[in-house]
Amino acid sequence: MKTLAPLLAPLAAALAFSATPALAGKTLDAIKQRDQVVVGVSTGVAGFSAADSQGRWSGFDVDFGRAFAAAVLGDANKVRWVPLSSQQRFTALQSGEVDVLSRNTSFTLTRDASLGLHQTAINFFDGQGFMVPAKTKVKSARQLKGASVCLQSGTTTEKNLTDFSRTHNLNLKPVVFEKIEAANAAYFSGRCQAYTTDASGLAAIRSREAKDPKEHVILPELISKEPLGPLVRRGDDEWFAIVKWVVYGLIEAEEAGITQANADKLKAESTDPVVQRLLGKSDDMGKLLGLDRDWLLRAVKAVGNYGEIYERNVGEKTPVDLPRGKNALWNQGGLLYAPPVR
C-alpha cells in the first residue's frame, strides 16, 4: 500500500507558508476591553517623556505610545501614562501595571533574558557620555581622573562608569542618587565635577535644568552602546509583534516618504507598491497582527513618521538639539534599519 506522505508533503508546506491572521493575545484583549493603552514613561526627561503644568505628556517616547494607541484603538489619545523611576520600571511591566514600557531603556542580554520581558525594537541608538561645566576646560573624559561623578541608580550607567574608570585607571568617584531630580540638583549645585548618563539624557537635562545651557559641555566620548526601545512582557507574542511592527512601520514610512500630512493623499493616489502595502491599500498586513488594514495609516496620521517624531521632539530645532547622527536612516548614513513590512 502506498504511503500518503509524498502526497501530503506539498500541502503541508503550502499551509506552513500561508499567511494566517494572528490570534488576539490577552494583552490586546485587555487593552480593547478597557479602551486604553497603559504606557510606562519616565518621570520627566525633556524631549523624551515629560508632562507640562496641565499634565499633558509629550516627547519621543510618548509619541510611540500614542502610535500604539492609534494603531490598536484608532485614537492616539486613548493612553494612560504611568511615570516610573528607573527602579520601578521593570516591576511595573512585570506585574501588569503597564502594557508597554516606552521609557529610554537600554537593550542588554541580562535584561532581555532574565526579567521575563521582551525588548522589542530599537528606536534610538545612544551611548553613555559625560557632561562638565564649560569653565573647567575639560575636553575629554580621560581628563576626569579622581573626579566625582553624579549619576542615577537602577540603570546600566553605574556599571559602565566603573568599567570605564577601571580600564583607564581614572579612580572616578560615583555619587549615586535614586531619583534623577536629585542627581540633576547635585550636579548643577556643584556637588559633582561631572554628570554621566546617556548622551541624549545629558542633552535633555542641560536644555531643561541649566540656567544657561552654554555653560555646560557634553564631552565627545561615548563609553558604551545604549540601544533604546520599548519593552513588553514575555508570554504574549501577539502584543510583542504589534509593538515591534508599529516601530518598524514608522521607520519604513519615513523611508517611503509617507508623512503625517500626505498619508491620506498617498493612500488614494500612490502607485508605489511599498506605499500601497504600508498604507493598507493593497496587501492587508494588519490581519497578521490581529489589527485592521489601516493600523499604520492611523499611527502615521497621529504622530508622523519616525523622522517627524525625532525632529519634533529632540531634533536640532528643539532645545534638546540632537543631530540625527546614528539615528538617521540606513541609506542616509545612520544605523536605523527596519525589516520590511511585507
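## Charges and overall form

The 42 positive and 37 negative charges of the protein chain have mean positions 4 Å apart. Lys and Arg count as positive and Asp and Glu as negative, while His and the chain ends are not counted; a charge is placed at NZ of Lys, CZ of Arg, CG of Asp or CD of Glu.

This is a predicted model, in which local features need pLDDT of at least 70 and side-chain atom pairs pLDDT 80 or more, while totals for chains, interfaces and linings use all residues. Residues are numbered from 1 along each chain as its sequence is written, and side-chain values use heavy atoms, without hydrogens and water.

The C-alpha trace spans about 80 × 50 × 40 Å along its principal axes.

## Strand β8

The protein chain has 13 helices and 14 strands. These are DSSP runs numbered from the N terminus: helices are H or I with at least four residues, strands E with at least two.

Six of the six residues of strand β8 (residues 128–133) are buried, so this strand is largely enclosed by the rest of the structure. Buried means under 20% relative accessible area, with a 1.4 Å probe and protein chains only. Q128, F130 and V132 lie on one side of β8, and G129, M131 and P133 on the other.

## Partners of β8

Strands pair if DSSP finds at least two bridges between them. β8 pairs with β11 (residues 194–198) in the antiparallel sense over four bridges, and Q128 has D198 as its bridge partner there. Three bridges join β8 to β12 (residues 216–218), also antiparallel; V217 in β12 is the bridge partner of V132.

How values were computed
Buried < 20%, exposed > 50% of the residue type's maximum accessible area, 1.4 Å probe, protein only.
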